[in-house]
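User: I'd like to learn how to read a sheet and the helices around it. Can we work through an example together?
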Amino acid sequence: METLSEPRAGLGEHVAVAHDLAKSYGRGEGAVHALRGVNAAFGRGQFTAIMGPSGSGKSTFLHCLAGLDAVTSGSVLIGDVDITRLSRSALTRLRRDRLGFVFQSFNLLPMLTAEENIRLTGRLGGRDADRQWFDSIVDALGLRGRLRHRPAELSGGQQQRVAVARALLTRPQVLFADEPTGNLDSRAGAEVLGFLRGAVDSYRQTVVMVTHDPAAAARADRVLFLADGRIVGELADPTADLVHDRMRTMEG
Amino acid sequence: MWLIARRSFTTGWGRLAATLAAALLSVGLIAGTMQFALRAQAAVSGTGASEFARADVLVQGGSVDPDDPHAVPDGRVRLDRVAGRPGVAAATGDATVPVTAAGADGRLVMPPAGARTSLRPWVADVRLNPYRLESGRAPAADGEIAVTRHVADAAGLETGGALTVGLPRQTRALRVVGIVTVQGRAAVAAGDLLLAPPETVRRAAGLPAGTWQAVWVKAAPGVQASGLARDLGHSLGPGTATVRTAEAVRDAQSSSLMAEGASVAGGIGMLTTVAVFVGLFVVANTFGGLIRQRTRMLALLGAIGATPEQVKKLIRLEALAVGLIASAGGVLLGHPIAGALARLFAEDGFDVSVAEPSFGPLASAVPLAAGIGVTQLAAWRAARRAADIAPMRALRETATEPSDRRGLRIAGATAVFLSAFLFYGPVLAVLNDSPPGPERTIAISSLIVIGSMIIVCALAVLGPLLAGPLGGLVGRLGMLVSGEAGRLARATIARSPRRVSSAASSVMLGVALVTSTALIVLSATARFDEAGGEVMRAEHAVSTTGKTADGMRPLPRDVAGRIAAAPGVTHAAALTATDVKLVEPAPRAYTSDQKAKPLYVTVTGADQAALPAVLNLGGALPTLAPGQIGLPSTLMDAQHLKPGQRIVVRGKHGPVPLTLVGAYHDPSHLFADGALVAPATMDLLDQNAVTRAVLVRGGTAAGISQAVRGVPGATVLDRPAYVKQASATITEGMNVIYGFIVMTLVLALFGTATTVSMNVGERRREFGLLGAVGATGRQLRAIVRWEAATVVTLGTALGLGVAVGTVALIHLATGSSFIRPSAPWWIYVLVAAGALAVTLVTSSLPARRAARVPVLDAAQGD
């Protein structure tokens, strides 16, 4: 039961497309098939949540989509580039210039201040973001007073906001978020989700987020459900209850 | 705890491997020097065999230097005046002729460490004969010899082979008909013996028929040796002979050997100290890295209830395991190292092969204990630091260093720094209490070197405080060149100065070792070249290749005459040399509370007419007539001697009165460092004085070569080449020091490699993270390179500072013009470039590996 999920009408071109994506670990009898041919497309300005029970392959799917993990077969188009055919360094450059990431563990560099962490990706690419864009992100995330602090001096929520700011500053074509609220309490988590939602609404930012929290998924424009390495369903305009019900059914 | 220690030991093999290897190398170095020291000591003092083993009484002609048990008597004894006396059962004549021996391939046979090779008569009387034939037969005809087993082994000879023997006045090929041992040993305390029929030896020693330098006596049954000695002394009359019991001579021989062995052990002990220090430093550094790497795990242990004492114990147990394995391996590794040292020493004329390599408990147990001790001591600080890790740090994301207590660090460094003065301080005392000379220079240098090693430690403690600001500077440069990579490097250094400084301190150690050696060697060589070139007027010198324990292999005496006859030669002056002892006035002690030591001086004999043409000596020494002597001004000052004074010296043939006519100065110390006499005076001092070189004015190298054709080993050298060769005999021992420095350097390099690669390795996660946020492999390598630049700058600057400071201190303290902290600028550039290359090479591999860390591994945490 393969589903080709179409973007909602009126949202324009696809910025990321997965075609027949398969990923397996090991070989022969003992091979584990994490993805068994996944097809999906993500339109500009769309906020997609990916859900599924543990072991469904949802994180693997996100990693393959974002070029963090190699695929066994199939292709991933970011814009018009098939990233599965890129060399390591070309892939790094593409990730740096066109994609953004937010991880469950915040992954800030401990020796850099908040501001340096935020600017890091852009600077590694040799581009300094314009002041205005930096200011508007920092103010939107409420980090103004924290810019000179080091990660160890920030709360978890603040650290994750720094990570979001870092990801947004390069104006990525797609922002990937892997359980961004997993390490946060519900209030801080809600804040971070609010910023992601705001970025989608205000700047037409494309966001793809893996989560296991129905409340988080409810903030997305649509939810893709994965089970056993395949997409098993899709829900547009989700609410927490709808997502919850669907998950219940899937987990049986 | 034991379980955790065992588990982390077995699972953390890779991590521990570097520490293990560093410990192994340093224990190997300690064991190697130790085993060599034991072997050298055995070679020097263990050959306690005496050729007087069977004799009861020795009757030596004239008088004998009581301070030298191997001295050749200066008078003669007729055998028939001793043989047949009451109480004498058997008597045989003895003479000693110093010789050199070369095997079939022309290579010189080195006598055992510190001893000589001499020609002695074969003793036919079984009651006196100490020589046991291992193979072959006794020498019967002129041209036949028996040799001690060491000679046969060293020359690769069997009976029937030939030895080229350099006698004082000629060179002869002698056939080896027998190989002997003495008291089961391959050589005697005096060295190697070539045993020829008595008549051959008598003629070589220039003795009339029936006359000998000494007579060995066997007492009749029931006659006490001491009583017989007294009787013989009375009947021969005072002044004509020295009569002693053989036992007294044997005792004197063995105690002189003990003293020599102790001085060898002392010198090697100094080298061992450096080895232990470097080992300690390197192992401590790697242990520190090991703890940093495992901060999380250790903190976790703390969080789940391990007490700081338990954590300490855990680290100590690991250190014990590392120490045990490394020590066992190191003891094995020590044998090839000891072998290499033995070869290096042999090249410098100090052959220890007469003693077997030592596998005894001392050679194994002591390095084993030293290895365990070193690793425990090295882990001490690491264990304390591990115990200090707060459990909270287990919960943090990435390991960052807790902020340092600056004051404490400065206080610690100051304490270490001050303790260096425990060694610097006594320098002044040594300076006041001992006479100038090589011994004092060495004693002072040793003290200063040990002091400087402690300074190295102080700087290592201080390192983290220096790393931050320096990292800021280098990072700024890095930002200009590499942009963000430079900024990241700078931020990393500012946050983890300890990591940078631990790598920098290994670089510092290596740089300090190399630079100080280079400075000393270069300044000494430059000074010898300069002074030697000034003093030597002759264009050519004829010398020989190969060395003996006493310096260069001597030339036969007739060579000077042959060279003088060569076309174009205007002057040819042979430089002969012998050692004499100052008898009158009695040598002065350097300070009033010390006992005066016997004063031996090497006298150079030179043709007075030719001398001004070939040598340009300082001072205003008149032409020396027979019976006159000139001394260096330093010696005259030290002994309060005045020109015109009568002095008495003991030469090879007894006391000789001489007139001191004046002072001179040989700034090169190469030609006439001890004293100067005319050839006629030299004959009074030592008829068989060896010719070290012939200095030649005029003529061509080819013409001179033609004249000395057929003289074994004779080579014609131009001025710079001869100066180089002559100075090489003074700086002998340098080969060993080079070898040793190389081994220590390997250890220091290893330490650098381990620390640098551990530094990169422990940041796998950080590099992966950087990769996740978009750093390319090139950028990651740039970060590592800029950090390396900081490490190199810090390490090189400190190391150069220590080296230059050490050499400057030695120069100041000793006043020696041969050790100066001035070297060509390229040395510093070379050392810095070397340090840079080492750091880049050692960091590039782990950096490459780090750049390949899968992003996901890092991004998902551990």
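User: Which strands of chain A does helix H5 lie across?

Analyst: Keep in mind that this model is predicted. Helix H5, residues 156-169 of chain A, lies across E6 and E7 of chain A. Its direction runs at about 175 degrees to E6(A).

User: Which strands does helix H8 of chain A touch?

Analyst: H8 covers residues 240-251 of chain A and packs on the sheet. It touches strand E3 (47-51), strand E9 (222-227) and E10 of chain A. Its direction makes about 155 degrees with that of E10(A).

User: What holds strands of a sheet together in general?

Analyst: They pair through backbone hydrogen bonds, either parallel or antiparallel. Now the case here. E7 (residues 174-178) and E8 (residues 206-210) of chain A pair in the parallel sense, over five bridges. Look across that pair: Val174(A) stands opposite Thr206(A) in E8(A).

User: What is the strand order in the open sheet of chain A?

Analyst: Read six strands across: E6-E7-E8-E3-E9-E10. The pairing is mixed.

User: Why is one side of E6 and of E10 in chain A left without a neighbour in the sheet?

Analyst: Strand E6 (99-102) and strand E10 (230-236) of chain A stand at the edges, so each has a single partner strand. From one strand to the next, the twist averages 20 degrees.

User: How many helices and strands does chain B have?

Analyst: Chain B has 25 helices and 26 strands. Of its 862 residues, 52% count as buried.

Notes
Residues numbered from 1 in each chain as written. Chains lettered and ligands numbered in written order. Predicted model: local features only at pLDDT ≥ 70, side-chain atom pairs only at ≥ 80, totals over all residues. Helix = DSSP H or I, 4+ residues; strand = E, 2+ residues; numbered from the N terminus. Buried ≥ 20, exposed ≤ 12 C-beta atoms within 10 Å, placed from the backbone. Pairing = 2+ DSSP bridges. Axes fitted to C-alpha atoms, helices over the stretch in contact; angles between N-to-C directions. Contact = placed C-beta atoms within 7 Å.
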